[in-house]
Amino acid sequence: MTVVSRHPVQRLQPFTETIFAEMSRLATEHGAINLGQGFPDSDGPASMLAAAQQAIADGHNQYPPGPGVPELRQAVARHQSTEYGLDYDPDREVLITVGATEGIAGTIVGLVEPGAEVILIEPYYDAYAAAVAMAGAVRRVVPLVPDGDGFALDRDALTAAFGPRTAAIIINSPHNPTGTVLSDDDLTLIAQLCQEHDVIAVADEVYEHLIFDGRKHHPLATWPGMRERTIRISSAAKTFNVTGWKVGWLSGPADLVGAARTAKQFMSYVGSGPFQPAVAHALDHEMDWVAESAAALERKRTLVSDALREAGFGVHRSEGTYFVCADPRPLGFHDGDEFCRTLPERAGVAAVPVSAFVDDAATWQHMVRFAFAKDDKVIVEAAARLARLR
């Protein structure tokens, strides 16, 4: 008699539970402040919330069109043209997805053949590795390396990673989990290598507007020769503080977007019907709110970083995103994973070990990530609790 497997297929067994779910569960068990999972404490702009409520009241509660509602696709196209000079046809070159994570998965599954290689920059958002596994592809990692109090791309390792089996590279800048913003020189090298090896670039730019210290976001698709080989992915979640709405989008040349849509339509088909018109409204009318939100996050970044230093951590610079990475070794903790699993009970704060986002765990074993998209009073209380570690 054949025994039916009651476990995930082998290629997905490493992904049975995300580190975010695990650390959030520990935070709940111990009544800890959750600085592990990256979600904000405050809602997005009031006019966007009102637009969603109105859309529900107006009956926009059934399946939206497969590519997304026209007004959102048009707003996405307008936004990218205004912000970056990138012109996309909203009917053929923009696709609305159930969050950026589905956009990434649909792109990799739709464009990468089994056995082909996908380059990831390490540390990497864990959904990238899962998407590569679902496609039956092989991941190759290129590390970020220490650069003063921050991190930089290992350009020699990047060059060596490209080869005849390379199908795609996933670029995330501003970068989760480290808060690193790739330099123009980094993006120039990536563009050169993609063109030299005929490789597709998947640019996860969900933190494009959450960038600090006067820096500006430069999409990879704006580099010469890259618009025609780049899928650019973003989301309302981080831009407008609505992580639960799951409204993302991808844009790029029609053939690449069409391939991603082929896979995506059999993942969720569609989603977030009444939220799509609301996000369209926000893209057109609430970018001043986004700028104010980014300025507030920059201040919170400094508040958390200073608190971690005061508590005795080594602290790395964060140039964008919701996150700052810290080193607990000065406090006597050398294993970041063990530290994070005991921190909710020990100090009443939850964080995430960076080793959950890497293949080379030994190099990153000591590092932990804290999220700072929280109310100031929450950050102040978390700082007081962490101070007890001294």
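Start with the aromatic rings: there are 13 aromatic pairs, a pair being rings of Phe, Tyr or Trp (its six-membered ring) with centres within 6.5 Å; planes under 30 degrees apart count as stacked, over 60 as edge-to-face and the rest as tilted. This is a predicted model, in which local features need pLDDT of at least 70 and side-chain atom pairs pLDDT 80 or more, while totals for chains, interfaces and linings use all residues. Residues are numbered from 1 along each chain as its sequence is written, and side-chain values use heavy atoms, without hydrogens and water.

Select F20 and Y125. Their ring centres are 6.4 Å apart and the planes stand at 40°, so the pair is tilted. F20 belongs to helix 1 (residues 19–29), and Y125 to the loop between strand 3 (117–122) and helix 5 (126–134), 105 residues apart; helices (H or I, at least four residues) and strands (E, at least two) are DSSP runs numbered from the N terminus. F20 is buried at 12% relative accessibility, whereas Y125 is partly exposed at 21%. Buried means under 20% relative accessible area, exposed over 50% and partly exposed in between (1.4 Å probe, protein chains only).

Next, select Y207 and F323, an edge-to-face pair with 6.0 Å between centres and 75° between planes. Y207 is buried at 3% relative accessibility, and F323 at 2%.
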